[in-house]
Amino acid sequence: MTEAASTPSKVNGDTEGDSSTDVAGTPDPIAVLGRLPTGSGLRRQLAAAARSRGRTASVAEEIAEIEAELAAIDVEPVDLTAARRRVAEATGETEQLKERVAALRGDARARRAVDADPDETLEELAAAAAELSAAQTEAIAAEQALERARAEAARARDERRRRLQLRDRLRNRRQTARRELAGAVYPEFRRALAAVPGGRPSAAGADPSAYDGDPTAASLAAVRIAALDGVVELRGDAARAAEASDRSARSLLRTAEVRLRGARSGSDDTFGPGDRDPDEGRAERGARPDS
C-alpha cells in the first residue's frame, strides 16, 4: 500500500494535505511514528501502525498500478515560441524576396522596351528567384515544424490532464487505504489508550474521525500497537508523558529503543535493548496491547 506524507490540521483528520503534485511512495512507518509529536493525523498514524505489522489495504494493487502509470508519464516542454518565430522569419523573408523578384522583372521588361541591355538585371532576377525558392522551401519546413510542435503541445496537454486525473485517483485511493488500515487496527488502538498516559478509551468513538481525546495519548497508543524498526523519539508533551508514567518508556510503547528529548528532567535520555526493563517480558513488539 502506498500513500504520501502530509501535515494534518487535526488529530482525527482524513484530508491530510496530500498535494496534487505529490506522487511519492509510502513513507516507512518509522517515518510517520518515529518522532512524537508526529505532525500527522490519527488515520495516517494508525495506517502506519497497521503497515508496520504487515497489513495491506484492498486497494494496494490499484494504487501500485496508478503509481506505475504516473511514473510512465514524461511530459517534455514544447517550445511553440521558437517554432512561431521561425515561421514569421521565413514568411517575412519570402515576402521581401517576392517583392524583389517582381521589381527585377519589371526592370527587365522596361529595359527591353527601350532596347537596353537586360542581361545584368536578368542575372539579378535569376539569383533572387533562386533565393525565393529556397526561402519558400524554408517557409514550408517552418510551417510543418510548427504543426508538429502544435501536435506535440496538444499531446502534452492531454498527458498533463491525464496525470492530474491519475493524481486525483491516487489521492482518493490513498485516503481509502488509510481509512481501511486505520479501521482494521482501531479496536486495538482503543484498548491501547487505556495503557498510555492521558488515554481514555471512551474518547475513541466508533472510528478515527470520532476521536476527541488527547492527541499525545493517541500518538503514544498508535506507537504502542505498531511494530517499529528504529528509534522512537519523544519530545515535549510526549516525552513528559512517558517520563511521568509508572512504566518504562520501552514497556509503555512496546518498542526496542526510545529517546526522550525535553522531558521535565531537562536531559536527553535513550533507552535501548541494553537497558534493564522490568516490563520487557510483557512488551513483545507487535503484540496486542493491554486493555
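## The largest pocket

Twelve residues line the largest pocket, and those nearest its centre are Pro37, Thr38, Gly39, Pro215 and Ser219. The space inside this pocket comes to about 160 Å³. Keep in mind as you explore that this is a predicted model.

Which helix gives the largest share of the lining of the largest pocket? That is helix 6, with three residues. Helix 7 (236-244) takes part too: helix 6 and helix 7 each supply at least two residues of the lining.

## The overall plan

Let's step back and look at the whole chain. The protein has eight helices and four strands.

The protein has 291 residues, and 43% of them count as buried. Now take the contacts between residues at least 6 apart in sequence: 72% of these join residues at least 24 apart.

## A helix wrapped by others

Eleven of its eleven residues are buried, so helix 2 is largely enclosed by the rest of the structure. The buried residues include Leu42, Leu46 and Ala47, and also Arg43, Arg44 and Arg51.

What covers the buried residues of helix 2? The cover includes helix 1 (29-33), helix 5 and helix 6. After helix 2 comes Gly54, which has a positive phi, near 85°.

## The nonpolar cores

In soluble globular proteins, nonpolar side chains tend to be buried together. Here, the largest nonpolar core has 51 residues. Those with the most contacts inside this core are Leu33, Leu46, Phe189, Tyr211, Leu234 and Leu253. Helix 5 provides the largest share of the core, eleven residues. Another core, of nine residues, lies apart from it, and among its members are Ala139, Ala142, Ala149 and Ala153.

Setting aside neighbours within four places in sequence, Leu33 is in contact with residues including Thr38, Gln45, Ala48 and Ala49. Further along the chain, its partners include Ala222, Val223, Ala226, Leu228 and Val232.

## Aromatic rings that meet

A pair of aromatic rings is described by the distance of the centres and the angle of the planes. How many aromatic pairs does a search of the whole structure find? It finds two. In one of them, the ring centres of Phe189 and Tyr211 are 5.8 Å apart and the planes meet at 65°; angles over 60 degrees count as edge-to-face, so this pair is edge-to-face. The pair links distant parts of the chain, since Phe189 sits in helix 5 (residues 119-193) and Tyr211 in the loop between helix 5 and helix 6 (215-224), 22 residues apart.

Are Phe189 and Tyr211 buried or exposed? Both Phe189 and Tyr211 are buried. Tyr186 belongs to this story as well: ring pairs link Tyr186, Phe189 and Tyr211 into a cluster.

## A buried arginine

Our last stop is Arg250, which is found in helix 8 (residues 249-253). Why does Arg250 count as buried? Buried means under 20% relative accessible area, and Arg250 has a relative accessibility of 8%, so it counts as buried. A polar atom of the Arg250 side chain lies 3.1 Å from the backbone oxygen of Ala256.

Key:
Residues are numbered from 1 along each chain as its sequence is written. This is a predicted model: local features need pLDDT of at least 70, side-chain atom pairs count only at pLDDT 80 or more; totals for chains, interfaces and linings use all residues. Side-chain values use heavy atoms; hydrogens and water are left out. Rings of Phe, Tyr and Trp (its six-membered ring) pair if their centres lie within 6.5 Å; planes under 30 degrees apart count as stacked, over 60 as edge-to-face and the rest as tilted. Buried means under 20% relative accessible area, exposed over 50%, partly exposed in between (1.4 Å probe, protein chains only). Contact means heavy atoms within 4.5 Å. A nonpolar core is a set of buried Ala, Val, Leu, Ile, Met, Phe, Trp, Tyr and Cys residues joined through side-chain atoms within 4.5 Å. A polar contact is a pair of N or O atoms within 3.5 Å; within protein, one must be able to donate a hydrogen and the other to accept it, and residues adjacent in sequence count only if both atoms are side-chain atoms. On a 1 Å grid over the protein atoms alone, a cavity is a set of points where a 1.4 Å probe fits but cannot get out, and a pocket is an open set with protein on both sides within 12 Å along at least five of seven lines; lining residues have an atom within 4 Å of a point. Grid points are joined across faces, edges and corners, and a volume is the space filled by probe spheres set on the points.
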